[in-house]
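This report describes a sheet, the helix lying across it, and the ring contacts around it. The sequence and structure come first.

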Amino acid sequence: MSHRKLEPGRLVVASHNKGKIREINELLAPYGFDVVSAGELDLPEPEETGTTFEANAALKAVAAAEGSGLPSLADDSGFCVAALGGDPGIYSARWAGPDKDFAMAMRTIEEKLQTVSSGQETNRRGSFVAVLCLAWPDGHTEFFRGEVEGDVVWPPRGTEGFGYDPMFRPDGHDRTFGEMSPEEKHGLSDDREPLSHRARAFTLFAEGCLKG
């Protein structure tokens, strides 16, 4: 599949989530873009009415591209717990409520896991999913999806990252995302393979639209 090349210049990160903006800025840093967030441009947050990560990422990216007249990169991501049928999934942010209380959201997940286990050994498998959508002002869009599998841990561990990071331990690691530095979580230093869902999606985006 051919991709449209994105030339260095001004790029909107179509998010109002400070954690996501920080991580995307870290990933974009080597490529020489003049990055501005949707919040800095006073662009409204569109209602996320999609039923997939791709649909919600597109809603945000297209709205920012139309509102700014600039290429816009949006992320829609979520924490998917197998025993909860993939919840909270696309509703991950909403589980934290209007105050973005992810400590409460993590407690809710653990309580639900205990309820569904009914005394049996609890299935504690989970995954993070991230979909990046790059939208141009002319309506062209491209999508890049990254996933990482692991275990849901309790109690949460670590103060790094954001969201559900402290309760997710990726396969092959002893520490949660909440205990990893940004470099470790992304897994992009020292020529290692990308680790986090967002880094995996970003690597596909970089290979498709930033390189070559």
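Are Phe128 and Phe177 buried or exposed? Both Phe128 and Phe177 are buried, where buried means under 20% relative accessible area, exposed over 50% and partly exposed in between, with a 1.4 Å probe and protein chains only.

## Basis

This is a predicted model, in which local features need pLDDT of at least 70 and side-chain atom pairs count only at pLDDT 80 or more, while totals for chains, interfaces and linings use all residues. Residues are numbered from 1 along each chain as its sequence is written, and side-chain values use heavy atoms, with hydrogens and water left out.

## Sheet and helix

An open sheet with mixed pairing is built from 6 strands in the order E2-E1-E3-E4-E5-E6. Strands (E, at least two residues) and helices (H or I, at least four) are DSSP runs numbered from the N terminus; two strands pair if DSSP finds at least two bridges between them. Strand E2 (34–37) and strand E6 (168–170) are at the edges with a single partner strand each, so one side of each has no neighbour in the sheet. On average, neighbouring strands are turned by 35° against each other, direction ignored.

Strands E4 (residues 125–135) and E5 (residues 141–152) pair in the antiparallel sense over 11 bridges. Within E5, Gly146 is the bridge partner of Ala130. Helix H6 (residues 197–210) lies across E3 (72–81), E4 and E5, and runs at about 155° to E5. Contact here means heavy atoms within 4.5 Å; axes are lines fitted to C-alpha atoms, for helices over the stretch in contact, and angles run from 0 to 180 degrees between N-to-C directions.

## Aromatic pairs

Rings of Phe, Tyr and Trp (its six-membered ring) pair if their centres lie within 6.5 Å; planes under 30 degrees apart count as stacked, over 60 as edge-to-face and the rest as tilted. The count comes to 10 aromatic pairs. Phe102 and Tyr164 are edge-to-face, at 5.2 Å centre to centre with 85° between the planes. Phe102 belongs to helix H4 (residues 102–117) and Tyr164 to the loop between E5 and E6, so this pair ties together parts 62 residues apart in sequence. Phe102 counts as buried at 18% relative accessibility, and Tyr164 is buried at 3%.

The pair of Phe128 and Phe177 is stacked, because the ring centres are 6.0 Å apart and the planes are at 20°. Phe128 is in strand E4 and Phe177 in the loop between E6 and helix H5 (182–186), 49 residues apart. Ring pairs join Phe79, Phe102, Phe128, Tyr164, Phe168 and Phe177 into a cluster.

## Charge over a ring

Arg4 lies over the face of Trp136, 4.8 Å from the ring centre. The criterion is NZ of Lys or CZ of Arg within 6 Å of the ring centre and within 35 degrees of the ring normal.
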